[in-house]
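Please read the points below with the sequence and the model side by side. Each point takes up one part of the chain.

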Amino acid sequence: MRVRDRFGRLRSLVVLGALAGFLSACMGGPDGGPRVGSRNAPPVEPEIAAAPAPGASTATRIGTGTVKLALIVPLTGQGAAIGTALRNAAELAVEDFQKPDLQILVKDDRGSPDGAREAAQAALADGADLVLGPLFAANVQAVAGVVRPAGKPVIAFSTDAAVAARGVYLMSFLPQTEVDRIVDAAVSGGRSSFAALIPESSYGNAVEAQFREAVARKGARLVGIERYPPGNPAAAIGRVAGLIAGPGAGADALFLPDTPEGLTTLAPALTRAGFSPARVKPLGTAVWNDPRVFALPALQGGWFAAADPAGFATFSQRYQARFGAAPPRVATLAYDAVSLSAALTRQYGSQRFADATLTNPAGFAGTDGTFRFRPDGPSERALAVNEIRNGAATIVAPAPRALGPSGT
């Protein structure tokens, strides 16, 4: 099986490990994941744009194959612009895959759980074997309540790991994977004692739990964690100073998982408190991937984990040439999901969407690197480690080509 690569040529992509010989399409996804919500706390759902992009497809069925999939996205209501881009990306994937044996039934969930539930019911009535989407966490739960009792799997686009389950897989980039990668890189780079300043938010809760687990798993020392109201880190800055004071006594790495908006308040406060990034390594997640963060003196030399941006850059060029507008960062999720579905259909026949096929631990090769679905639903991805230097981000540890055992 041959598919069009990122630069328009044709090539084969091999699924890793136990699926050696199985050829997949280019995969990708957002670096840092979709985000929306308060200015100072990274949220768990995609940014909502005001209107569909120019040149948007209006197709309600994509492809003419015998294997039916449903793509459930918001085409009206909340998130309509994102949903339209996801549909466009699905259409691009079908074109790139050279007539796969797929027929994609595009269903509008109207940006609501009730709409998602109705769309899922209609998809099953139309014979869908797999559901791609929806976008929002509550809508994923509504769809899963209809689709899973029917024995069909879901590949959804929410970044809220709480909605993942066996048979409900999340294609999106999840912050938990970023935390694991950056802690692993810091320990490999010689850091052994960790502290953290974390905003009081749902995102903060998720990354704190993963941070504690990752530090313990690597055998490092957790000196302490301080929480603060989003946008108001002053009191926590004073408390964390004691955690990082003194060579050998305090932490030699400081985890700061906040948004660019939050960091523009937090980082100057750290500088005023005497924080030295040359002595204590700042660490972050992919929400750091922003020029505003790169300009902050307190974060120079800091590391954050994110996907290599090259895959999205080339996808974006092709999407814009096809649809006349730049895609949102989440558009690759639909492209990836359709490409994977097409590849599995060609290779695995009736077992194409079986749980064992979808959760192969070796994972799949993609535009943004290797990824896999865990049996309990979340995804894991191979991420690069970036260092902030002179107001820019530079990759200092490339994303590995293969994923190690889950949870290591």
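**Notes on the predicted model**

1. Not counting residues up to four places away in sequence, Asn386 touches Gly302, Trp303, Phe304, Ala306, Ala393, Thr394, Ile395 and Val396; contact here means heavy atoms within 4.5 Å. Asn386 is found in strand β18 (residues 384-389). Helices (H or I, at least four residues) and strands (E, at least two) are DSSP runs, numbered from the N terminus. With a relative accessible area of 7%, Asn386 is buried. The term buried means under 20% relative accessible area, exposed means over 50%, and partly exposed lies in between (1.4 Å probe, protein chains only).

2. A word on the basis of these notes is in order. This is a predicted model, in which local features need pLDDT of at least 70 and side-chain atom pairs count only at pLDDT 80 or more, whereas totals for chains, interfaces and linings use all residues. Residues are numbered from 1 along each chain as its sequence is written, and side-chain values use heavy atoms, with hydrogens and water left out.

3. Consider next an open sheet of six strands, in the order β5-β7-β6-β8-β9-β10, with mixed pairing. Two strands are said to pair if DSSP finds at least two bridges between them. β5 and β10 (168-170) stand at the edges with a single partner strand each, so one side of each is left without a neighbour in the sheet.

4. How many bridges join β6 to β7? There are seven, and the two strands run parallel. Val73 stands opposite Asp108 in β7. The chain passes from β6 through helix α1 (residues 80-96) to β7, and this β-α-β crossover is right-handed; that is, with the strands pointing away from the viewer, the path from the first strand over the helix to the second runs clockwise. β7 itself is mostly covered, with six of its seven residues buried.

5. Helix α2 (residues 113-125) has 13 residues, which at 1.5 Å a residue should span 18 Å; its end C-alpha atoms are 18 Å apart, which agrees. The expected span is 1.5 Å times one less than the number of residues. Gly115, Ala116, Ala119, Ala120 and Ala123 are buried in α2. They cover an arc of only 135° around the axis, which puts them on the same side of α2; the arc is that of the directions from the helix axis to the C-beta atoms. The buried residues of α2 pack against β6 (67-73), β7 (102-108) and α3 (137-147). Just after α2, Gly127 takes a positive phi of about 95°.

6. In helix α6 (residues 234-244), the buried residues are Ala236, Ile237, Val240, Leu243 and Ile244. Their arc around the axis is only 110°, which puts them on the same side of α6. On the other side of α6, Ala234, Ala235, Gly238 and Gly242 are exposed. Against which elements do the buried residues of α6 pack? They pack against β11 (193-199), β12 (221-228), β13 (253-255) and α7 (260-272).

7. The 13 residues of α7 should span 18 Å at 1.5 Å a residue, and its end C-alpha atoms are 18 Å apart, which agrees. Among the buried residues of α7 are Leu263, Leu266 and Leu270. The buried residues of α7 pack against β11, β12, α6, β13 and α8 (291-294). Gly274 follows α7 and has a positive phi, near 90°.

8. The last point concerns aromatic rings. Rings of Phe, Tyr and Trp (its six-membered ring) pair if their centres lie within 6.5 Å; planes under 30 degrees apart count as stacked, over 60 as edge-to-face and the rest as tilted. By this rule there are eleven aromatic pairs. Phe194 and Phe211 have ring centres 6.2 Å apart and planes at 70°, so the pair is edge-to-face. This pair links distant parts of the chain, with Phe194 in strand β11 and Phe211 in helix α5 (residues 202-217), 17 residues apart. Phe194 is buried at a relative accessible area of 0%, and Phe211 counts as buried at 0% relative accessibility. Ring pairs also link Phe312, Phe315, Tyr319, Phe323 and Tyr335 into a cluster.
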